[in-house]
Amino acid sequence: MGEYQRLVHEFEPVWDSNSKILLLGSFPSVKSRELSFYYGHPQNRFWKVLQSVLQQEVPAEISGKKEFLLKNHIALWDVIQSCDIIGSSDASIKNVVPTELVKLIENSSISQIFVNGKTAEKLYKRYSEEKTGMKAIALPSTSPANAMFSLERLCEAWKVIADYL
């Protein structure tokens, strides 16, 4: 299975003062850490889901993805700032230090937080909900490990984000 590594989240959140929603993952995958950007694994359906829900093409390059998010008033970050983890396994996460979400929320127009998957939901409730004072809406994980959800079902479930934009 591999060994535990103590890792720190090394790339910044994507947001600006006009961001209306915050999408939170748990912690970047190995592939995302290599690319220094969110949802970098080609099998992760995050970008395909956003493209479908927002009916807009998502650019391939990172700078274009950042522009896409900001243009659509979406902030993107993770619940965890640092943790012990084996590879990309959410199930292995322990010794969590949460990200500081409050400043981002206070300096933006965020009115709703969404979490991508059960692990992000559990971690948000445990470490961040009391600090932010905001309940998060849990969405099914876009991870390829979530084989129960087809792309079509994910897109249907994620449509709710459009109501807040």
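Let me start with the aromatics. Phe11, Phe37, Tyr38, Tyr39, Phe46, Trp47 and Trp158 form one aromatic cluster. Keep in mind that this is a predicted model.

Now the pairs. The structure holds seven aromatic pairs. Take Phe11 and Tyr38. Their ring centres are 4.8 Å apart and their planes stand at 80 degrees, so this pair is edge-to-face. Edge-to-face needs an angle over 60 degrees. The pair also links distant parts of the chain. Phe11 sits in the loop between β1 (5–8) and β2 (21–25). Tyr38 sits in the loop between α1 (30–35) and α2. The two residues are 27 apart in the chain.

Are these two buried or exposed? Phe11 has 11% relative accessibility, so Phe11 counts as buried. Tyr38 has a relative accessible area of 2%, so Tyr38 is buried too. The cut-off for buried is under 20%.

Next pair: Phe46 and Trp47. Again we have edge-to-face, with 4.9 Å centre to centre and 90 degrees between the planes. Phe46 is at 1% relative accessibility and therefore counts as buried. Trp47 is at 8%, so Trp47 counts as buried as well.

That brings us to the core. In soluble globular proteins, nonpolar side chains tend to be buried together. Here, the largest nonpolar core has 47 residues. Which residues have the most contacts inside it? They are Leu22, Leu23, Leu24, Trp47, Leu76, Trp158 and Ile161. Helix α2, residues 46–54, supplies the largest share of this core, six residues. Two names on that contact list, Trp47 and Trp158, also belong to the aromatic cluster.

Last item: the pocket. The largest pocket holds about 580 Å³ of space. How many residues line it? The lining has 27 residues. Nearest the centre of the pocket lie Ser26, Asn44, Asp90, Ser141 and Ser143. What is the make-up of the lining? It divides into nine nonpolar, 15 polar and three charged residues. Helix α5, residues 118–127, gives the most to this lining, with three residues.

Technical notes: Residues are numbered from 1 along each chain as its sequence is written. This is a predicted model: local features need pLDDT of at least 70, side-chain atom pairs count only at pLDDT 80 or more; totals for chains, interfaces and linings use all residues. Side-chain values use heavy atoms; hydrogens and water are left out. A nonpolar core is a set of buried Ala, Val, Leu, Ile, Met, Phe, Trp, Tyr and Cys residues joined through side-chain atoms within 4.5 Å. Buried means under 20% relative accessible area, exposed over 50%, partly exposed in between (1.4 Å probe, protein chains only). Helices (H or I, at least four residues) and strands (E, at least two) are DSSP runs, numbered from the N terminus. On a 1 Å grid over the protein atoms alone, a cavity is a set of points where a 1.4 Å probe fits but cannot get out, and a pocket is an open set with protein on both sides within 12 Å along at least five of seven lines; lining residues have an atom within 4 Å of a point. Grid points are joined across faces, edges and corners, and a volume is the space filled by probe spheres set on the points. Ala, Val, Leu, Ile, Met, Phe, Trp, Tyr, Cys and Pro count as nonpolar, Asp, Glu, Lys and Arg as charged, and the others, Gly among them, as polar. Rings of Phe, Tyr and Trp (its six-membered ring) pair if their centres lie within 6.5 Å; planes under 30 degrees apart count as stacked, over 60 as edge-to-face and the rest as tilted.
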